[in-house]
Amino acid sequence: MKGGLILAAQALCFCASLQGQSTALCIEDRVHLDARTRAAFDREIDTLLPESASAGCGVEALLVVIAFDAPARCPSSLGLAYSSQARVMPKVEVFLNQVLRALAGIRAPVPVGRALARVAAHEAAHYFLQQHGHDRDGLLRERFPEWQLGADSSAPFLLVRK
Ligand SMILES: [Zn+2]
């Protein structure tokens with residue numbers, strides 16, 4: 001009985017936080033992606049976060065920074081979301097050099113753009129859902145096999161909601 005009540009409370013919180021959350025994305029490209037890489041990035045963001053509008057850079061938007069390198073304190077992170085106390089903050093980052101390392105020899109614009117978008121969407125999902133932890137499957141998995149990161153199929157990166 002007790003377990004059932006806890007689940008119900010979590011479900012309510014989940015709905016409330018989604019409804020209160022803006023899903024506009026503001027992309028700050030500090031690495032100056034070429035047009036084809038950026039187009040692949042935008043397409044994959046649309047696939048993984050279909051309700052997000054990537055045009056908005058207003059006060060309500062989630063800032064997505066594409067930067068060159070992860071901070072020294074977490075040198076192997078592909079991306080980061082930040083939290084302040086209980087709240088995931090409206091700024092996430094994705095790191096080009098760490099993503100390129102994970103892609104091993106792959107440098108073509110489409111897989112690179114896709115891989116950056118998959119990492120960005122993962123971090124964005126932490127914010128949109130206000131979820132600090134990870135899921136067992138889908139977009140909010142903690143780790144992905146490196147070969148999946150730039151591969152054609154978006155399926156492993158879709159958000160799984162029970
Ligand atoms: Zn994560």
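I began with the hairpin that E3 and E4 form, where two residues lie between the strands, and I noted that Gln 85 in this turn has a positive phi of about 50°. I keep in mind that the model is a predicted one.

As one example from E4, I noted Val 94 as the bridge partner of Gly 79.

I then turned to the whole sheet, which is open and has four strands in the order E1-E2-E4-E3, with mixed pairing. Strand E1 (25–29) and strand E3 (79–84) are at the edges with a single partner strand each, so one side of each has no neighbour in the sheet. From one strand to the next, I found a twist that averages 20°.

For E1, I looked up the pairing with strand E2 (residues 62–67), and found that the two run parallel and are joined by five bridges. Here Asp 29 has Ile 66 in E2 as its bridge partner.

Last I followed helix H4 (residues 109–128), which lies across E1, E2, E3 and strand E4 (87–95) and runs at about 170° to E4. At 1.5 Å a residue, its 20 residues should span 28 Å, and the end C-alpha atoms of H4 are 27 Å apart, which agrees. I also noted that 17 of the 20 residues of H4 are buried, so the helix is largely enclosed by the rest of the structure. After H4 comes Gln 130, which has a positive phi, near 50°.

How values were computed: Residues are numbered from 1 along each chain as its sequence is written. This is a predicted model: local features need pLDDT of at least 70, side-chain atom pairs count only at pLDDT 80 or more; totals for chains, interfaces and linings use all residues. Two strands pair if DSSP finds at least two bridges between them. Axes are lines fitted to C-alpha atoms, for helices over the stretch in contact, and angles run from 0 to 180 degrees between N-to-C directions. Two residues are in contact if their C-beta atoms, placed from the backbone, lie within 7 Å. The expected span of a helix is 1.5 Å times one less than its number of residues. A residue is buried if 20 or more other C-beta atoms lie within 10 Å of its own, exposed if 12 or fewer, and partly exposed in between; C-beta atoms are placed from the backbone.
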